[in-house]
Amino acid sequence: MNISLESLPQLTPDARRSSRTLALCRARLEQRRRRPARVAGVVALGGIATAYLLAIVLNALRLYSSS
Amino acid sequence: MTVMNRETELALVSRLRAADADAFDAVHAHYNARLFNFLVRLSRRRDVAEDLLEETWLRLVSGSTRLRPDTQLGPWLFTVARNLFVSYRRSRALEDSHAGGLLALWPSGTPGSTPFDMAAANETLRRLEAAIGSLPVKYREALLLVGVEGLRPVEAAAVCGITPDALRQRVSRARALLLTQLGNEEGGTALAVLAGVTA
């Protein structure tokens, strides 16, 4: 009978813990996947707010210069 | 042990970089048992191996978007697992005396053609398992990566953070130590047992 190191029996991890780890990892990946969209949303909102404030300032300057 | 096709691996890496949970499932299914076997034989404790295994997967999740497109998942995961074990061992000063405990984790029955062969193989494998467990960690990890997990020497060397030549020396030394331990009782069988170890 040919025996090698690869003949050593496969030891199996605890199935319940493995599925818990898998679920935890999936949840974290889902968070990571959503993060870019959230960042893009924040950037877009920031851009709109900046443009709005700039418009107010420019309008105020225009009124001031014309008076 | 099944080897992952390189194209499949690259596709999985690409999807992992996009935090694809299904790709993670595929990688987990392929490597979970192998990583556990490596960790449990390295640490010789199921509880430690389970903890380090979980941490290895969490590291893949946290580092998934930073993976290089050409990452080799096997060596990457074994490197993380091995480094976690090294850190654990440093912090806890792990005792090197749990080989008996590892044998208790074995499944009942090992493959063989006849009941006699099965019993003989089982006994030989148990002695082999105990002998591997008694090796110093640096030799044990080299032997496990190359002889059990089937990593190429250059990959195993990268996992251990040493040169391929140094790894070959460690595997060679591990073989010599195993031969000393097993050979005293049945030298011929011990040589056969080590026939699968190549570096």
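1. Phe38(B) and Phe78(B) are both buried in this predicted model. A search over all chains of the whole structure returns two aromatic pairs. These two phenylalanines make up one of them: the ring centres are 5.3 Å apart and the planes meet at 85°, so the pair is edge-to-face. Because Phe38(B) belongs to helix 2 of chain B and Phe78(B) to helix 4 (residues 73-92) of chain B, the pair ties together parts that are 40 residues apart in sequence.

2. An edge-to-face aromatic pair is also formed by Phe24(B) and Trp57(B), with 5.5 Å centre to centre and 75° between the planes. Phe24(B) sits in helix 2 (residues 21-43) of chain B and Trp57(B) in helix 3 (residues 46-63) of chain B, so this pair links parts that are 33 residues apart in sequence.

3. Are the two partners of this pair buried or exposed? Phe24(B) counts as buried because its relative accessibility is 0%. Trp57(B) is likewise buried, at 0% relative accessibility.

4. Trp57(B) also has a partner in chain A. Apart from neighbours within four places in sequence, Thr21(A) is in contact with Glu54(B) and Trp57(B). The side chains of Thr21(A) and Glu54(B) are joined by a polar contact of 3.2 Å.

5. Where does Thr21(A) lie? Thr21(A) is part of helix 1 (residues 15-66) of chain A. With a relative accessibility of 5%, under the 20% cut-off, Thr21(A) counts as buried.

Methods: Residues numbered from 1 in each chain as written. Chains lettered and ligands numbered in written order. Predicted model: local features only at pLDDT ≥ 70, side-chain atom pairs only at ≥ 80, totals over all residues. Heavy atoms only, no water. Phe/Tyr/Trp six-rings, centres within 6.5 Å; stacked < 30°, edge-to-face > 60°. Helix = DSSP H or I, 4+ residues; strand = E, 2+ residues; numbered from the N terminus. Buried < 20%, exposed > 50% of the residue type's maximum accessible area, 1.4 Å probe, protein only. Polar contact = N/O pair within 3.5 Å; in protein donor to acceptor, adjacent residues only side chain to side chain. Contact = heavy atoms within 4.5 Å.
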